[in-house]
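Subject: Structure handover

Hello,

Here is the structure for your files. My notes on it follow below.

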Amino acid sequence: MKKVTVVLQKSPFNTLRNSEALRMSLGLTLANNAVRVVFVHDAVYSLLPAKPDKIESPAFGRHIEMLNTLKCRVVAEKESIEEKGIGEIKYNVEVKDRKRVIELIKDSDSVITY
């Protein structure tokens, strides 16, 4: 079983990038991979309790919830959350400091960045 880490870095607004990355992450589970998703930089905005349907943005929350159901690790970088002033995270994610996130990425067999 390969450890595959998908790193999301970009804002979820005005793009399908994060939604597609999460959908692809779910697809990677079909090949018996240990999938981990990491949110850093502006991608942590994806974790806000937003209502994407109000701005005609794709609803990617169901992808995060399914990753949780499949026991995939979903991690948010603590420093990115603090830098963006995010107080409330809507989804069940592990919050890890930058050092731990780097260790998680280094421990991967494959890393895909978005």
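Two strands are taken to pair if DSSP finds at least two bridges between them. Helices (H or I, at least four residues) and strands (E, at least two) are DSSP runs, numbered from the N terminus. The model is a predicted one, in which local features need pLDDT of at least 70 and side-chain atom pairs count only at pLDDT 80 or more, while totals for chains, interfaces and linings use all residues. Residues are numbered from 1 along each chain as its sequence is written, and side-chain values use heavy atoms, with hydrogens and water left out.

Overall layout

The protein has four helices and five strands, and along the sequence they follow the pattern β-α-β-α-β-α-β-α-β. The C-alpha trace spans about 40 × 30 × 20 Å along its principal axes. For 114 residues, a compact globule would have a radius of gyration near 13 Å, and the protein agrees, with 13 Å; the radius is taken over C-alpha atoms, and the globule rule is 2.2 Å times the number of residues to the power 0.38.

Buried residues account for 39% of the 114 residues. Buried here means under 20% relative accessible area, exposed over 50%, and partly exposed in between (1.4 Å probe, protein chains only). Of the contacts (heavy atoms within 4.5 Å) between residues at least 6 apart in sequence, 73% join residues at least 24 apart.

The sheet

The five strands form an open sheet in the order E4-E3-E2-E1-E5, with parallel pairing. Its edge strands are E4 (94-96) and E5, each of which pairs on one side only. From one strand to the next, the twist averages 25 degrees; axes are lines fitted to C-alpha atoms, for helices over the stretch in contact, and angles run from 0 to 180 degrees between N-to-C directions. Six bridges join E1 and E2 in the parallel sense. Val6 has Val37 in E2 as its bridge partner.

Helix H1

H1 covers residues 17-28, and its twelve residues should span 16 Å at 1.5 Å a residue; the end C-alpha atoms are 16 Å apart, which agrees. The expected span is 1.5 Å times one less than the number of residues. H1 lies across E1, E2 and E5, and runs at about 170 degrees to E1. The buried residues of H1 are Asn18, Ser19, Ala21, Leu22, Ser25, Leu26 and Leu28. They pack against strand E1 (3-8), strand E2 (34-39), helix H2 (61-69) and strand E5 (110-113).

Ser25 is worth a look in the viewer. Its relative accessible area is 0%, so Ser25 counts as buried. Leaving aside neighbours within four places in sequence, Ser25 is in contact with Val6, Val35, Val37 and Leu67.

Is Glu77 buried or exposed? Glu77, in strand E3 (residues 73-77), is buried because its relative accessible area is 4%. Not counting residues up to four places away in sequence, Glu77 touches Phe39, Val40, His41, Val44, Lys96, Arg98 and Val101.

Asp97 sits in the loop between E4 and helix H4 (98-106). Its relative accessibility is 32%, so Asp97 counts as partly exposed. With residues up to four places away in sequence not counted, Asp97 touches Lys78 and Glu79. Asp97 and Val74 are 23 residues apart in sequence, and their C-alpha atoms are 14 Å apart in space.

Regards
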